[in-house]
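Here is a quick tour for anyone meeting this protein for the first time. Have a look at the sequence and the fold, then read on.

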Amino acid sequence: SGNTIFSYQVQVGDRVWLANPLDQNVPAAEGTVTTVGGSGLFHNRPIPPQYVRVNLESVYIDIPLMIPVDEADQVTLKDAVGSSVLWMKVLSIVKK
């Protein structure tokens, strides 16, 4: 795997904050990880290894999605509440 022993890997079922890419200390949203990238599909396309698929439950800051879903008219986080988004693993902070 090549990951250091210190890096916690986000896992399916984890509750996560989705950090704002412009200010990583600010949570933009929260949800539950449903798929870890490198496996699974997102709108019929493979999920890249550096992403997780998150079931989006709450949005605090309406910012653009990292991977917009044109066919579902989902461009920002608020558009996707109640469905799934892809977010970078490094910006998916596990809630303790």
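## A lysine over a ring

This is a predicted model. Let's start with K95, which sits over the face of W17, 4.3 Å from the ring centre.

W17 belongs to strand β1, while Y60 is in the loop between β5 and β6 (64-69), so the pair ties together parts that lie 43 residues apart in sequence.

In soluble globular proteins, nonpolar side chains tend to be buried together. Here, the largest nonpolar core holds 20 residues, and V16, L18, V33, V54, L56, L77 and V85 have the most contacts inside it. Two or more residues each come from β1 (15-20), β2 (23-36), β5 (51-59) and β8 (84-88).

Take V54: beyond its sequence neighbours up to four places away, V54 touches residues including V16, L18, V33 and V85. There is also a second, separate core of five residues, with F42, I47, Y51 and L86 among them.

## A buried tryptophan

W87 lies in strand β8 and counts as buried, because its relative accessibility is 0%. Leaving aside neighbours within four places in sequence, its contacts include L18, Y51, I63, M66 and L77. W87 and I67 are 20 residues apart in sequence, with their C-alpha atoms 7.8 Å apart in space.

Conventions. Residues numbered from 1 in each chain as written. Predicted model: local features only at pLDDT ≥ 70, side-chain atom pairs only at ≥ 80, totals over all residues. Heavy atoms only, no water. Core = buried A, V, L, I, M, F, W, Y, C linked by side-chain atoms within 4.5 Å. Buried < 20%, exposed > 50% of the residue type's maximum accessible area, 1.4 Å probe, protein only. Helix = DSSP H or I, 4+ residues; strand = E, 2+ residues; numbered from the N terminus. Contact = heavy atoms within 4.5 Å. Lys NZ or Arg CZ within 6 Å of the ring centre and 35° of its normal.
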